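The following paragraphs guide the reader through selected parts of a protein model. Please keep the sequence and the structure in view while reading.

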Amino acid sequence: MERTIRKLQRERLAYEAVGDTDRATAINIRINRLKQKYKEFSKAAGLKERTQRMNVEFDNNNPVKPVANSDESGIIELNRNTESSKRFSTTQEQIDNLIECDLSGVSFTSKPKYNSRIKDNGKTTIREYSDGTVKEIVKVEIGKQDKSSAEFLEDTILHEELEARIAIRSKYSERYKKLYNSSETDRHNYINKIIKKYFKMKGWNYDLG
């Protein structure tokens, strides 16, 4: 039961990290029910409860630098910068497979499309109204990658999804509005922190540098 509770806590925190509150709430209900069973079992068996063995701990760090470009048409391009001279091609099939398998718990705002012609690892294009508020997500593109690993590609996919979520939620939430309008460094530090937490909770290699 302790192992199961730890596993469920990691899953809950992973869903929280990507903003899927419905699944996080559902898992939290399962955790509470299992904790109650654990308590009842321990009492019936005359065992001391070891609640510390059900805890999960994570640390947070952050790298990766970004860039935002805009033009006069209300189109905003949020890029995950490339800092490497050597680029690695990927395919739409690889992107789709990662979304279907490793990232199956993530509800995507806009399906990422591979575009080998963009110069960045990823790019989210947003259309704004004249007052600077977000109108829509135009497209999310994944380009050639600085590293050939699946983890790096997953990082890029999640990075662009979080860019899209922050933009969309800025229409309804002061917190996300502030984040959307913050400096690129602050916004991307926030995104990288969430991705690292998500990777850590999934047990994946998250030191992407």
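In helix α6, the residues R187, H188, I191, N192, I194, I195, K196, Y198, F199 and M201 are buried. Buried means under 20% relative accessible area, exposed over 50%, and partly exposed in between (1.4 Å probe, protein chains only). Helices (H or I, at least four residues) and strands (E, at least two) are DSSP runs, numbered from the N terminus. The model is predicted: local features need pLDDT of at least 70 and side-chain atom pairs count only at pLDDT 80 or more, while totals for chains, interfaces and linings use all residues. Residues are numbered from 1 along each chain as its sequence is written, and side-chain values use heavy atoms, with hydrogens and water left out.

The length of α6 can also be examined. Its 19 residues, 184-202, should span 27 Å at 1.5 Å a residue, and the end C-alpha atoms are 27 Å apart, which agrees. The expected span is 1.5 Å times one less than the number of residues. After α6 comes G203, with a positive phi near 80°.

Helix α5 (residues 174-180) contains K178. Is K178 buried or exposed? K178 has a relative accessible area of 67%, so K178 is exposed. Twelve residues separate K178 from I166 in sequence, and their C-alpha atoms are 9.6 Å apart in space.

D146 is found in the loop between β5 (134-142) and α4 (150-169). Because its relative accessible area is 14%, D146 is buried. The D146 side chain makes a polar contact (a pair of N or O atoms within 3.5 Å; within protein, one must be able to donate a hydrogen and the other to accept it, and residues adjacent in sequence count only if both atoms are side-chain atoms) with the side chain of R87, at 3.4 Å.
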